[in-house]
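Biologist: Please take a close look at one part of this structure, namely its pairs of oppositely charged side chains, and then relate your account to the surroundings of the ligand.

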Amino acid sequence: MSDRPPLWLFADQLGPHFRDGDLAGRRIVLIESAHAFAHKRYHRQKLHLVLAGLRGLAAELPDRVTLIRAPDYRTGLAEAGEPVVVHEPGSHAADRLVRRLHREGLVAEIRPAAGFARSKADFTSWARGRGRFVMEDFYRDQRRRFEVLLEPDGEPAGGQWNFDRDNRNPPPKRSELGVPRPWHPEENEVDERVRADLDAWTRDGLITTVGADGPRRFAVSRAEARRALRKFLDDRLPSFGAHQDAMLAGDWAMSHALLSVPLNLGLLHPLDVVEQAERRYREGTAPLPAVEGFIRQVLGWREWVWHLYWYLGPDYLRHNELGAHTPLPGWWRDLDPGAVGARCLRTALAGVRDRGYAHHIERLMVLGNHALQRGYDPGELTEWFATAFVDGFPWVMPANVIGMSQYADGGIVATKPYAAGGAYVNRMSDHCRGCPFDPKRRLGPTACPFTAGYWAFLDRTADRLRGNQRMRQPLNGLARLADLEAVVEQEHRRTEF
Ligand code: FAD
């Protein structure tokens, strides 16, 4: 046994910041756990990315990395031959496992999580005793703490903390946003091997996946992640923001960064990403509202969601304050957009099937909104988001799915439900042109499922939402709806979306 235990890295700890300082030069243990891949029905491309990330690192550092293929992590560690050092992992389940392995002597030391700007302890002291618990306060604190986009006197650059109001434009009247295409990787021999293995494991019944296989679209190595980041900063950051909330059926990426995979695999450190984005503003190559909007996502939302995962604890996932118990339909679980008529829903679902990706507004205002209106079980929905998306990891789910998109926590994360009718989709997208449903109609065969679904949702949840000031206006609107009974009856019977 050496006095410098080897470093065990999980598949979301692949970047250099997980192996620097006194960990530099240590032997690295990576474990390909068959159980981790097989116990859930993941998107095919998600498994591809994770495997390619692990194997890519092993190929990059052949003298340091031992890649162990084992049925589970415990067996893999036993094979490593000596106790390991590990960083706190990214889920409650993995955290429990690591602590158990520590007690059993297979793990020599547990280091703090290394992939985020702020430590868990630091967040807890920030959060403790706070009357107001909102992302915006946390985000401003992050900006001050890490000195991001500040003037020399400590005031925010441009005199404003938040340029969100400049970032809510509807899409242009074109089929594409007109920004350069995003970076995409060249597949290599690691991809070839991963694809062959996934084919064989599927054939042999060892794994069951969902979604299409496809060309790999996201970065899985440090070099690729840096290239993807640079290309985003050069080509797309300047227009990030303005149309951040908009959707175009013919433009799946819009100006989004497509960096959630390399960020969540731990290939990029968020502070590094933020610093490079800020530099673009300082150099004058990207406008402040775009840069601030992007930094808010990475330094604000992403960190907030990570810390809430730990702060709110595993029981948070059990919240179901709106009493939603509808099981996910088969066409949703199987990613079958052909079963759907509404163009917005069909397009978002096709994106998940083909790429394991949908951008934020598709996730929140189309998929999440539909699930909220139809009362899909939040726990089942969380599992779906975590497995069907290439960037789905347990820590991302509670705040985004339970809190923000389903309001299942009754208002801890969001101040009101993100429910919207077809008018919203029509304003923010080009989907309603060429859709068999009419966003203005709430009754009849062409009634938009989002418009009618919105009223049916409010009707179903009115008693639970009445105490919320922000819901007063919509609930007043509901009370004035002359045909409410017919709308509710129609939506109750609806089988086609
Ligand atoms: P951009 O829109 O370009 O944003 C830049 C970066 O900011 C992202 O790469 C991401 O790292 C970060 N970010 C922005 N918003 C969030 C947020 N709310 N939570 C966490 N990070 C954020 N994000 C995931 O990483 N994995 C998920 O599984 C996931 N599921 C989601 C489910 C729902 C219902 C909702 C509403 C949001 C979800 N998000 C998730 C957050 C966000 O939608 C994605 O991070 C984003 O769409 C990824 O695409 P992008 O890299 O092009 O992001």
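Modeller: Aspartate 141 counts as buried, at 19% relative accessibility; buried means under 20% relative accessible area, exposed over 50%, and partly exposed in between, with a 1.4 Å probe and protein chains only. This is a predicted model, in which local features need pLDDT of at least 70 and side-chain atom pairs count only at pLDDT 80 or more, while totals for chains, interfaces and linings use all residues. Residues are numbered from 1 along each chain as its sequence is written, and side-chain values use heavy atoms, with hydrogens and water left out.

The partner of aspartate 141 is arginine 118: their side chains meet in a salt bridge of 2.6 Å, N to O, a salt bridge being a side-chain nitrogen of Lys or Arg within 4 Å of a carboxyl oxygen of Asp or Glu. Arginine 118 lies in the loop between β5 and α5 (120-127), and aspartate 141 in helix α6 (residues 135-145), so the pair ties together parts that are 23 residues apart in sequence. Helices (H or I, at least four residues) and strands (E, at least two) are DSSP runs, numbered from the N terminus. Arginine 118 is also buried, with a relative accessible area of 3%.

A second pair joins arginine 111 to aspartate 22, with the closest N and O atoms 2.9 Å apart. Because arginine 111 lies in strand β5 (residues 107-111) and aspartate 22 in the loop between β1 (7-9) and β2 (28-33), this pair ties together parts that are 89 residues apart in sequence. Arginine 111 is buried at 16%, whereas aspartate 22 is partly exposed at 41%.

In a further salt bridge, glutamate 176 meets arginine 181 at 3.8 Å, N to O. Glutamate 176 is partly exposed, at 37% relative accessibility, and arginine 181 is partly exposed as well, at 41%. Elsewhere, salt bridges that share partners join Glu32, Arg55, Arg69, Arg193 and Asp197 into one network. The count comes to 43 salt bridges.

As for the ligand, domain 2 (120-185 + 220-312) and domain 3 (318-493) both give residues to the shell around it, so the ligand lies between them; the domain bounds come from an automatic or database domain assignment. Helix α11 gives the most to this shell, with six residues. The shell divides into 15 nonpolar, nine polar and three charged residues, where Ala, Val, Leu, Ile, Met, Phe, Trp, Tyr, Cys and Pro count as nonpolar, Asp, Glu, Lys and Arg as charged, and the others, Gly among them, as polar.
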